[in-house]
Amino acid sequence: MSTTADELREEVRRRYAESARAVSEGSAGSCGSGSCCAAVDESEARLFGGALYDDGQHEQIPEAAALASLGCGNPTAVADLREGDTVLDLGSGGGIDVILSARRVGPTGIAYGLDMTDEMLALARQNAAESGLTNVHFLKGVIEQIPLPAASVDVVISNCVINLSVDKPAVLAEISRVLRPGGRIGVSDVVAENRLSPEQRAERGSFVGCIAGALSKGEYEAGLEAAGFDQILVEFTHQVADGMHGAIVKAVKTSEPEARGLPVIQPAAKAGCC
Ligand SMILES: C[S@@+](CC[C@H](N)C(=O)[O-])C[C@H]1O[C@@H](n2cnc3c(N)ncnc32)[C@H](O)[C@@H]1O
């Protein structure tokens, strides 16, 4: 029997709830079977999670936020964050990139984290409280229906989450909707070489492990263009499996998605905010 999109999303939610519980209960780290960082063997753990941040950044975050880090890059190093910016992190997990962004944009800026998993939101809120920041807000929701108004965000960041979406065109259209004209994307994600078919990607790892659902470089570029982006850059940074890479994704919003023939997605009726 094939897995429906809802079942797949529920599997992702369950898996990351487990990761959040592991950190909250004081297990050494959140990386367990089936999560993104488990895509590689232990000797290559530096390819995922807290190891991708420098010492200076570790000093700016609570230890639990670093332990909960499950990303495949460091979007705060990719995104060009400026004082006063409003930043949105899609799939914010334990909050590491939201906390680092909040420091970068300063008290006149805002950092939002969006996640669908209650356990991750609880952990992130605890980490934010510990960091003493007041310009951080965590929202409950899915990245395919972002609970924020149109043109309300300057920069969208994300760390190893878009590959986990069951509807990537909807995510890209939603990013475009919430960004102001000239708004930027600075994302880390797993991306496949164009030569790999979806079946070949699935042979290299699971969907919840951030491998099977990865877009190819060409699919990412075409999806961003269709969603109204220009100055698109999808660049491999480190290989995580044969033909699969941690990558940085950058783009600038220059037109509305509907202008390029994409459906406009309505925001969720209820924000579910903090
Ligand atoms: C691989 S972890 C990355 C977490 C965080 N970005 C980091 O770098 O540590 C994926 C996170 O995205 C969330 N997530 C996955 N799919 C999502 C979706 N469709 N909508 C909202 N959150 C999602 C999960 O709950 C989890 O917290």
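Me: About how much space lies in the largest cavity?

Reply: This is a predicted model, in which local features need pLDDT of at least 70 and side-chain atom pairs count only at pLDDT 80 or more, while totals for chains, interfaces and linings use all residues. Residues are numbered from 1 along each chain as its sequence is written, and side-chain values use heavy atoms, with hydrogens and water left out. A cavity is a set of points, on a 1 Å grid over the protein atoms alone, where a 1.4 Å probe fits but cannot get out, and its volume is the space filled by probe spheres set on the points, which are joined across faces, edges and corners. For the largest cavity, that volume is about 480 Å³.

Me: Which residues of its lining are the closest to the centre of the largest cavity?

Reply: Lining residues have an atom within 4 Å of a point of the cavity. Of the 33 residues in the lining, the closest to the centre are Gly91, Ser92, Asp115, Val161 and Leu164.

Me: Which helix gives the largest share of the lining of the largest cavity?

Reply: Helices (H or I, at least four residues) and strands (E, at least two) are DSSP runs, numbered from the N terminus. Helix 1 (5-24), helix 5 (96-105) and strand 2 (110-115) each supply at least two lining residues. The largest share, 4 residues, comes from helix 1.

Me: Which residue of strand 3 stands opposite Leu114?

Reply: Strand 2 and strand 3 pair in the parallel sense over 5 bridges. In strand 3, the residue opposite Leu114 is Leu139.

Me: At what angle do helix 1 and helix 6 pack?

Reply: Axes are lines fitted to C-alpha atoms, for helices over the stretch in contact (heavy atoms within 4.5 Å), and angles run from 0 to 180 degrees between N-to-C directions. The axes of helix 1 and helix 6 (residues 118-131) lie 7 Å apart. The contact includes Arg13 and Tyr16 of helix 1 and Glu119, Met120 and Leu123 of helix 6. The two helices pack at an angle of about 35°.

Definitions and conventions
On a 1 Å grid over the protein atoms alone, a cavity is a set of points where a 1.4 Å probe fits but cannot get out, and a pocket is an open set with protein on both sides within 12 Å along at least five of seven lines; lining residues have an atom within 4 Å of a point. Two strands pair if DSSP finds at least two bridges between them.
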